[in-house]
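Look at the structure first, then read on.

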Amino acid sequence: MKMNPFVFCLLLLAGLSHLSAQPAERYVSRKDTPIGIDQARSGWLNNPARADSATGFDIQKYEIFLNINHTNHYIQGNVLATVLAEENLSSIQYNLEALTVTQVLVDGTPVAFTHQNGLINIPLNVSLGQIFTTNVHYQGNPQLSPNVYSVGMIFSTNSLFTISDPDAGRYWWPSYDHPWDKAIVDLSIRLRSDWKVAANGLRESITDHGDGSSTTVWRGYNPMTTYLVCITCGPYVEVNQSAGDLPIQSFVYQNQYNNALIDLAYVPQMINFYSQVFGDYPFEKYGHAVVSMSTYSAMEHQTMTTLGNFIINGQGTYELIIAHELAHQWFGNCLSFLTFKDVWLSEGFATYSEHLWTDKRQGWQAACDYVNSSFHQYYLTWENSAGAQTIYNPTFNNYFSPATYEKAASVLHMLRLKVGNDHFFEILQTWFSTYHNQNVDTADFQAVCEQVSGLDLDQFFQQWIFSPGVPSVELSVYTKSAPAQLKVIARTTSPTSTQFHLDIPLKMNHSTHSDSLLVQANPSGAITLFEYDSSTLSSVQVDPNSWVLLRGKTLIEPVLSECLPSSGAVLLSWDSFANASGYRLYRKTATGEDWVLLNPEPLTDLTYTDTSVQNGTLYH
């Protein structure tokens, strides 16, 4: 989902003991397959899954039948649910808000029920392991969810559509409306016959009733969470594409058709690319339906993304939104978070996929720039107003904030740096294949990361996912010629109580080449020592490709505060340098090649008078 937006001629080299500082630049499980469900659409049921609470049942399939009067904004229908009892059950509860339940049947027989405070309570007498059905008949005028999201079934002059993320499925159809219980969903929608109905799954049929209405049937072939169920209706024309054997079916208004051919042109390539990076596309089709909506720019409904009208402008302006929603089919839809505590496993991954597609289309430098501007800086600007945020377990109003989008994407980029490129993409593929069509949480992801990389990532996840704050880093670089060594001391500071341990890339620029080094930084000042020839080193850049989310990065250098020449002498003063226990001064003429050590013993003072200079000579 995407939310709508808002030169001195004298050079001082300071030393730590015998090292000289080099000048640098800043820079629970599924039971057996239930009887009565098409085997081709239920293979996923053999996979393990779990919920964060013992509900005692598992919804296997929903069949939604709806008759919609667009003029009166009135719906009438029923939802047939096939359920597996995971223990002996005396009742089951579904969520339904602001609509009237007229009848409930269990295994085809009417039963007494109550419907209070948005909960339908249905009495049962079902034994462990039994498959049973419930059928809830209901009607009324759907209302929008009374919260910051204000979503549900939305009627407009030329469209009807549903947006249920995070909790509005219950405002237009009865279900166990929680993300941890995924089920196959079929939809049968009767509506005015001059409109088309776009929905999840594969379209099986359109039946014209001859009375100005028609029924469109869409069949689901993979389980999904309730907030991903959608119907989108309007006077659409179709744009049909394919990625290999995968059908891509999009619905746009007639006046958008030519623009859609341009704006959706890269979708098959996107599907092929993400399939290579993450694993094969997980569902039976993909597509889009265009509507006019305000809460979100787009919504990743399973197999049928809903796009805001503005996205189809014929200029490819919003290619990365289209890529973002597509990536959700892998992360968020196929791999669904267990609860909204882990919503970052959906939004952070889809946001990071924008970077991956940018790299594919525009190259590495553009992708690095995108991370810096659209992830790091975007998040920091927001946090400056909102305060330090924690990615894990956001408040209800902040499910879809920059913490779960951009900060989470930055964290994935830093994870890539920490584990290495090959391990990172192996993690993505292992993550996807291991939990295909299941629910996941952060602990699951950390376990996969540690399994693939062989690293202990407790500190990484604790500081970035479970704690607030964005650190700054200060580094000082020391060089030595005999033996050739380079020492980096790097210290992190934090605006919160979070203690950050970081990996920081350095780019070492020489006259003829550049090297990359990775150093550690921690609150006490981590020391990283290299065997390194710095004789031709001209500058050091700190994280030039923006791998690390930082508030600031400071390369501490020796600074001359005073340089006073007089006859046969020069008085030098300098600022105290971080971690320095003493200082050595070197001098050379402007045309000379070798530096001359002026003080054999390190100075502890911050001044020195050089009395061995010749008048009229230019020195460094």
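What is the strand order in the open sheet of 3 strands? The order is β6-β10-β9, and the pairing is antiparallel. Keep in mind that this is a predicted model.

**Sheet**
- β6 (89-95) and β9 (114-116) stand at the edges. Each has a single partner strand, so one side of each lacks a neighbour in the sheet.
- From one strand to the next, the twist averages 25 degrees.
- β9 pairs with β10 (residues 119-126) over 3 bridges, in the antiparallel sense.
- Within this pair, Q116 stands opposite L119 of β10.

**Helix α5**
- Helix α5 covers residues 364-386. At 1.5 Å a residue, its 23 residues should span 33 Å; the end C-alpha atoms lie 31 Å apart, which agrees.
- A kink of about 30 degrees is centred on Q377.
- Just after α5, G387 has a positive phi of about 90 degrees.

**Helix α7**
- Helix α7 runs over residues 421-434. Its 14 residues should span 20 Å at 1.5 Å a residue, and the end C-alpha atoms are 20 Å apart, which agrees.
- F424, I427, L428, T430, W431 and F432 are the buried residues of α7.

Note on methods
Residues numbered from 1 in each chain as written. Predicted model: local features only at pLDDT ≥ 70, side-chain atom pairs only at ≥ 80, totals over all residues. Heavy atoms only, no water. Helix = DSSP H or I, 4+ residues; strand = E, 2+ residues; numbered from the N terminus. Expected span 1.5 Å × (residues − 1). Buried < 20%, exposed > 50% of the residue type's maximum accessible area, 1.4 Å probe, protein only. Pairing = 2+ DSSP bridges. Axes fitted to C-alpha atoms, helices over the stretch in contact; angles between N-to-C directions. Bend = angle between axes of the 7 residues up to and from the residue.
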